[in-house]
Every structure is written in structure tokens, then in C-alpha cells.
Amino acid sequence: MAANGDGVTDGETLVARAHPKGAGSEPELSEIVRKAVVPAPAPAAPASVPDRALYAPRQKIYPQSVQGTFRRIKWAVLLVTLGIYYLLPFVRWDRGPHAPDQAVLIDFSTRRFYFFFIEIWPQEVYYLTGLLIIAAMTLFLMNAIAGRLWCGYLCPQTVWTDLFQMIERWTEGDHREHLRRDRQGWTLERVGRAAAKHFLWLMVAWWTGGAWVLYFADAPTLVKDLATFQAPYIAYAWIGILTFTTYALAGHMREQVCLYMCPWPRIQASLIDEYALNVTYRYERGEPRGSVKKSAALRARGEPAGDCVDCLQCVNVCPTGVDIRDGTSLGCIQCGLCIDACDTIMAKIGRPTRLIAYDTDLNIRRRQAGKGPVFRLVRARTVLYAAIIAMVGGLMLYALATRHAEGLAIIHDRNPIFVRLSDGATRNGYAVRLLNKSLAPRRFLLTTGGLADGFIEVVGDTTSPMGYPRVEIGPDQTREIRVLITSYEHLPPAASIPLTFSAIDMETRQQATASDFFKGP
Ligand code: SF4
Ligand code: SF4
């Protein structure tokens, strides 16, 4: 409150002006005015809002080893997928003397993709589109049948993380041992074990990067060049990038990739329906959970007791640290390892296995209502996904089976569109590209139809001065030639006459055709 020149506050001045001495009850009025001018107490500060972290702090996971059906399936998938990835570049496929003999090769120098007996040219990128559609629909179909089959068994992140965890258990011990060592702090032994683990991780990561570059060049030659430091710099760079990403993603980030980086769990959650099988805790059987003794006592008294003995084995083996008993979640990659862990416990305590199993919430509710479970493999969405896969796959197979080994592409000269010759004839020029997709050299006869007295010639060709020009193309190559067509016809003004170009194989008579126009003055 400000003070005036008399040394009184504004509130006091106001009281004095409104109520000169002797007029009315001064103390009463003074109180009213004081209340009016004294600022109201500041509103109470809002209760402090706790900071909410966008990401939960990471809890280090020490997944325990486990034996059982799903573990064996995962080992088998790991062996097959990694075996394919590491060894496929060394598989040979004889395509004759004019093409590489590597079964799977992405050859940037010739812009070809070789996959066993299939060879894809850049113009045929629609095959890649078809493959992507089939891959997406297969993912959707797997999801509709049994949830995150891809995530739990086939995803590279899962497979490599599994491999890295196996190395971690070799070097630093299983769940309890590793946990105990970490709690004891750094000792010489722990340093040695950690060093061995990181060395092995880096070796696997390095070989993963090394295998990747082998898909882009002749594998045996590139291995030799890499070993003698004669390979291109880009090969070393890619090996470095893949080594780092494999080491970081599978060694250090692990379940964080699934939780925070990968979009598929979110998409998958929106595609699931009530009939899709998921790794499910059968809570109607497991609850109320309790120790073996407590449950036995409850049963003896005829009171309800669940089969879950709260041993936490399902949590200990989980590679993402999820407690499946809390229900399905984004963190659960549906690997099935908790099924194996729980089955082992159930077998030990003499209770039926599959307390955790591939099941649906719908079936749990039906069992609770005294009804039998339902498993509907054939539903609208599974039929639709399968139909799309079959249709796109069928179209691709048809396109491959009827694929032409020759091609022809025409580009008309833009400037000038036509030329008038001194003898009155009209001439048009074209850039013609001939494709020979076969692995043998070929000779083509180039013809044109549409003009009554048109004359076709290839610029620079002296081998066929009269008649139709002959063009030779090497195996698995394209050749661009410049073609002139001259007409002595009397053309109507601004004529545009449709033309058909044909390239006819002189041996097999197979031909490729393309359309364009002959422009007049
Ligand atoms: S909860 Fe079970 S199925 Fe899900 S990720 Fe963990 S171990 Fe795998
Ligand atoms: S492993 Fe089975 S019994 Fe043990 S806590 Fe998990 S669900 Fe319960």
C-alpha cells in the first residue's frame, strides 16, 4: 500500500476524506473501508502436481533360463532364421556364364535382384510391392490366429536378443547368479565375465554386419577382399553400422525396442479380436493365488483355492519382465516362455498344466459361465487375409510365368517433333530402348507399322542399309538406339499417325511391341 506525502497510507487518506472528524461512527466506517482497500489474501497455491515421466525408469531384467515346448520351438526358429541369414549368401545357383552364380544377390552395379531362378529388373519393382502386400497380410493373418507370433518367435529383435541373452547366461550366469553378482558390486571376476560377454556380443554383432554386406556382392570374393582390406570403403562402413546397431539393440536396449520404438504392438492391438489366441493367464483357475500349503489347506476345508502358487517363475523367465497374471499388455511379446515355466511348476506340485496357455478371454468367461471354449480359426478376417495373400501371390506367379524376356520402350523426339526434308519427305526421330532379359545374346529385327510407305533406319547402322534394321543385344542387357522414320506420304495438316514398333527375335520369333505417333507438319 502506497504512502502519501503526509505519511499516511491511501486507505487512511480515504477514510479521512469520507469521514471528516465528528461525522458518524468513525471506527465502524474505518473498518469497512479498510476491508475494501486491503487486498484480499492471495488464493491458496494449487496443490503441487507431481512430475509425470514419459518413460518409466528401466528396470534391469535378468531373464531366467527355462525348458519346455515353447523354448524348444524358439531355439528351432532361432537356428533356422540365423542359419538362413548367415549362410544364404554362400549358396550358389548356376545361371550360365553371363550372370552371377549367387542364389540371392542384390546387384547395384547392374541394378538386378537375383533370387534363385528369379531375376528382377528395376522396371519390375511391382514384384516388390506384391511381396510387401503379402508380408503385411501374413502378419495380419498370424495376428488374427495367434496374436504376436511374429514378435515372440520371428522378429529379428527377438531372435538376436534371445541369442545375446543366451551369451549373457553363459558368461554372467543364470537369473539368481547374475543378480547376486550385480548386487555384490564390481569384482575382478565380474569384470572378466562382463568383458567376455561384451567381446562375444561384439563378435556376433560384427558377423551380423558382415553377413549383411554379402548380399550385395559375390560373397566368397567379398570375404577375401574384406580380409585383405581390399573391399570398398562402403562395405566396411555398413559392417560398422550393423555391428553397432546389433550390439546396441540386442545387447543393451532389448525390450525397450518393443516397448518404445516399434509401432507394431500398437497396430497389432487395434487388429486383434476376441477369437485371436494369446498367451493368457487362466485367472478363473489360478485365483485366489497362494502358497502350496495355504491352497491345500483351503481345498481341505472345501474352500476355493487357485492353482497359482505365486512362485513368480513366469515373471522370472519373461524376457520383457512382464507379469502375465496382470493381463495382456504391450510389453508381452507372446513368446510363450511363461507357459513353459508355469507348466514346470504345475507338474512339480501335481496340478494340471497350462495354467498359462494360448487361449482367449472369451473362453475364460465361457468356462466361468459353465460353457465350453470356442476356437474359431475360420472367420471373416482370416478368410479375407488369406484371400488377399492367395490373390496377390497368384497374380505374381502368373506375371512371373508369362514374363517376357524382351522389352521395347520408345520416346519420341520433342524438339524438333518432325523435320521436312529437301525431297518433300517428313522425318520423325525416336529414342528406342531394347531389353534382353535372357542370359544369352540375341538379334532383333526392328519393324514399324502404321505408315503406308514409312522407311525405318537406325542411326549409325551400316549392316542393314535396306529393309528392316537388325539390332544385337548382349545377354541380360539393354541397348538404346536412335531410330529415324521417314515418310513420303502426303500427310494431312498437323497429322498424328499411330505407329507400332516391333522388335522380333530373329531366332525364336518372340517379339516385343510399343506404340507411338508419327507427326506431320
Ligand atoms: S509374459 Fe510370457 S509370453 Fe509375454 S513376453 Fe513374458 S514370457 Fe513371453
Ligand atoms: S509360474 Fe504359474 S504358479 Fe508361478 S506365479 Fe506364475 S502363474 Fe503362478
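Predicted model: local features only at pLDDT ≥ 70, side-chain atom pairs only at ≥ 80, totals over all residues.
Colleague: How many salt bridges does the count come to?

Modeller: A pair counts here when a side-chain nitrogen of Lys or Arg sits within 4 Å of a carboxyl oxygen of Asp or Glu. Going by that rule, the count comes to 35.

Colleague: Take Asp 359, which forms a salt bridge with Arg 367. Is Asp 359 buried or exposed?

Modeller: The closest N and O atoms of that pair are 2.7 Å apart. Arg 367 has a relative accessible area of 27%, so it's partly exposed. Asp 359 has 0% relative accessibility, and under 20% means buried. So Asp 359 is buried.

Colleague: And Arg 482 with Asp 413: how many residues apart in sequence are the parts that this pair ties together?

Modeller: Their closest N and O atoms are 2.7 Å apart, which makes a salt bridge. Arg 482 lies in strand E12, while Asp 413 is in the loop between strand E6 and strand E7. So the pair ties together parts whose separation in sequence is 69 residues.

Colleague: Which strand holds Arg 427, the salt-bridge partner of Glu 457?

Modeller: The two side chains meet at 3.5 Å, N to O. Glu 457 is in strand E10, and the pair ties together parts 30 residues apart in sequence. Arg 427 lies in strand E8.

Note on methods. Residues numbered from 1 in each chain as written. Chains lettered and ligands numbered in written order. Heavy atoms only, no water. Buried < 20%, exposed > 50% of the residue type's maximum accessible area, 1.4 Å probe, protein only. Helix = DSSP H or I, 4+ residues; strand = E, 2+ residues; numbered from the N terminus.
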